[in-house]
Amino acid sequence: HWVARLVLQYAGSARPRAACSDDAWEWLRSRYLQSNRPTFEQCWRDLRQVAAQRGWTLPSERTLRRRIDALPEVVKTWHRDGAEATDRMFPAQRRDRSHLHAMQWLNADGHRFDVFVRWDDGEIARPMVVFFQDLFSGKLLAWRVARAETGDTFRLAFGDVVERFGIPTAVTIDNTLAAANKTMSGGLKRRFRFKVREEEPLGIFPTLGVQVHWAKPYSGQSKPIERAFGDLARDIARHPAFVGAWTGNSTLNKPHDHGSKAVPLAEFVSVMEAGIAEHNARAGRMAANCRGRSFDDTFAASYAEAPITRATEAQRRIFLLAAEEVRVRRDGTIHLLGNRYHDARLVELRGRPVTVRFDPDHLHAPVHVYLANGDFLVTAECWADTGFGDTDAARRTAAAVKQRRKGLRLLAEAEARIGAEQ
């Protein structure tokens, strides 16, 4: 039977191929491959009307349906569902994280919880929480709650990570206006957000030596934290304490008691923190690095042996404060958000740009002034305005001016010791 097995099994069709005008087939194919995804029955009805007007020859409906079904699935998906749907027809890249260690690589993103929260000022809105996650273990390291995803929220959440665990080697974040803000990423050449200028102040990431990798928004394959958000939306947002405040994850999935309740902010934070602690401590994780352990245990075992870099006091001052680039005025002052700050050493930098790091919640506190290259210069005090008729303030100012002039006269005489007559 060996020779018979080698014979081609193709038999062919004895019936001739049904006649079909080329224009009719081209019209049907183009009509079917449209983004509004019409059904074949709808396309067939339209084709019959057009063919009657133009005199096209048509085969039976079943024949054309077989020809449409014979088109490559990739082509049909590309036209009817888009490029992203076509990408899902092929295997995605799988990234191995076994070679990493704890705190080597983090990823961060913001997640808006589907819970109505009553804020301290009475406003009711869903909270946005910015998370930082360790890629090796999957543990959620730090988070900050806010009404919107802002640069300050990312800065404070990253500051919590550095304070508790140290400085990571690399971080993956979205290239969004909030995540890629200048306070965090100033000086990076491939930010693709805002205008990159040579004199702009260095952000927290380049100052601390953290490598930044940009990810596509809503991409779970490039940011594993998207997977954790699914767990938070299921386990925390649907907590019994939030019954009536849960909004549903879409307009088509609203509960029947939607909008009947709003939980206080303090209660939401308490339930969320307890849920995150349970999320990190839950045993039986099947990730390759966990091997049945919890995220906490996986992180702790690697963290105990990992080379961890701790932040110095000067570095802590950088990530705890916001940054703004300003120019020193002619009178040696810095104007920031309606306030004036001054130090005698700023006189030498009149007209030059400097970077001011400040606490947005305490604008009357001293600010730290840095040169354009990132070197620390001075801490400048806030100069408050005085009342028009405040004689005590005027007397103190006059005394300070007199003392300053005396010191400047002595300094000037020390530099120019030879008079004009001599």
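Two strands pair if DSSP finds at least two bridges between them; strands are E runs of at least two residues and helices H or I runs of at least four, both numbered from the N terminus.

**Entry: ground rules.** I am working with a predicted model, so I note that local features need pLDDT of at least 70, that side-chain atom pairs count only at pLDDT 80 or more, and that totals for chains, interfaces and linings use all residues. Residues are numbered from 1 along each chain as its sequence is written, and side-chain values use heavy atoms, with hydrogens and water left out.

**Entry: around S14.** I began with strand S13 (residues 367-370), which pairs with S14 in the antiparallel sense over four bridges. Within this pairing, I found Val369 with Val378 as its bridge partner in S14. Five residues separate S13 and S14 in a hairpin, and Gly374 in the turn has a positive phi of about 100°. I then looked up S11, which is joined to S14 (residues 376-383) by three bridges and runs antiparallel to it. Here His342 has Glu381 as its partner in S14.

**Entry: Asn339.** Asn339 belongs to strand S11 (residues 339-342). Is Asn339 buried or exposed? Its relative accessible area is 14%, so I log Asn339 as buried (under 20% relative accessible area; over 50% is exposed and in between is partly exposed, with a 1.4 Å probe and protein chains only). Leaving out residues up to four places away in sequence, I see Asn339 touching Ile334, Leu363, His364 and Cys382 (contact means heavy atoms within 4.5 Å).

Entry: I traced an open sheet of three strands in the order S3-S2-S8, with mixed pairing. Strand S3 (124-125) and strand S8 (263-264) are at the edges with a single partner strand each, so one side of each has no neighbour in the sheet. Strand S2 (residues 117-118) runs parallel to S8, joined by two bridges, and Arg118 stands opposite Pro264 in S8.

**Entry: rings.** I counted eleven aromatic pairs (rings of Phe, Tyr and Trp, the last by its six-membered ring, with centres within 6.5 Å; planes under 30 degrees apart are stacked, over 60 edge-to-face, the rest tilted). Phe131 and Phe229 have ring centres 5.8 Å apart and planes at 55°, so I call this pair tilted. The pair links distant parts of the chain, with Phe131 in strand S4 (residues 128-134) and Phe229 in helix H10 (residues 225-235), 98 residues apart. Both Phe131 and Phe229 are buried. Phe299 and Tyr303 are stacked, at 5.3 Å centre to centre with 20° between the planes.
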